[in-house]
Amino acid sequence: MDDDKLGKTEAHSIVVRSFEPSDKLEVQRIFYEGMMEMVSDTAFRGLRHHPESLLLYAAFTIGCLVITQCWWVIGLLPVSVLCARYFCSRRVIHAYLDCALQTDMGDVEGFYMKSPDSCLWVAVLEGKVVGLVAAVGHRTQTGTVELQRMSVDQNCRRRGVGMVLGRKVLEYAVTGGYSTVVLGTTAYNSAAHRLYQSLGFSCVGVTNGYTAPGTRQSVLERVFYRVRHHHYSLDVQRTKLKIL
């Protein structure tokens, strides 16, 4: 059986339910591991998406060649750049994780479960928590739900978990009378973007040089850690028949 058929089959056995206090450690583990995957994603895969960074590194390399006239120094520069990008990515993401674990992900019940306009759900497969997603509603004039904290256990990918969690947020928005669901992601992994697009989202904008909440970037981090923040949106009232 191929991966797509396997994912559709297993999606029927995935149970999505509201967060319970006993889920806390597993939820934090899945969230933490998912965010740590972003370190190599932004440090290496993200480099080719930022021509301005490549141009800066090339200018730096040429400058070093002119000044030192040492080819072995030039040979070390690409390795040094990649190491610096990895170090800065890890540092920034650690700071973001610290902020998250001191706020909503440290007190999931208090942050998401006590308000009628927010909720966090977990996906359970074969008796184990394998994913999570949160929704925060904003009762503005139009009414918007923000999809947050989507994360799936790395051992349970390609099994329909993300799709089921995403649809749960869309259903929540429709039944709550909201008009739009929005989300933001800095993922360079194409699978994440394909998931959002398959749920019906459209990319409505991209922010270059995005600074994650709770982080203060040094000059070094601004040079070696640059990400694109993709903004997605979906009009759920227009598509609610398909969702429900």
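Tutor: Eight of the nine residues of strand β4 (residues 144–152) are buried, so β4 is largely enclosed by the rest of the structure. Buried means under 20% relative accessible area, exposed over 50%, and partly exposed in between (1.4 Å probe, protein chains only). Helices (H or I, at least four residues) and strands (E, at least two) are DSSP runs, numbered from the N terminus. This is a predicted model, in which local features need pLDDT of at least 70, side-chain atom pairs count only at pLDDT 80 or more, and totals for chains, interfaces and linings use all residues. Residues are numbered from 1 along each chain as its sequence is written, and side-chain values use heavy atoms, with hydrogens and water left out.

Student: How many bridges join strand β3 to β4?

Tutor: Two strands pair if DSSP finds at least two bridges between them. Here seven bridges join β3 (residues 128–138) to β4, and the two run antiparallel; V136 stands opposite E146 in β4. Strand β5 (residues 180–185) runs parallel to β4, joined by three bridges, with T144 opposite T180.

Student: Which residue forms a salt bridge with E37?

Tutor: A salt bridge is a side-chain nitrogen of Lys or Arg within 4 Å of a carboxyl oxygen of Asp or Glu. The partner of E37 is R157, with the closest N and O atoms 2.8 Å apart. E37 lies in helix α2 (residues 24–43) and R157 in the loop between β4 and α6, 120 residues apart.

Student: Is R157 buried, exposed or partly exposed?

Tutor: R157 is partly exposed, at 35% relative accessible area.
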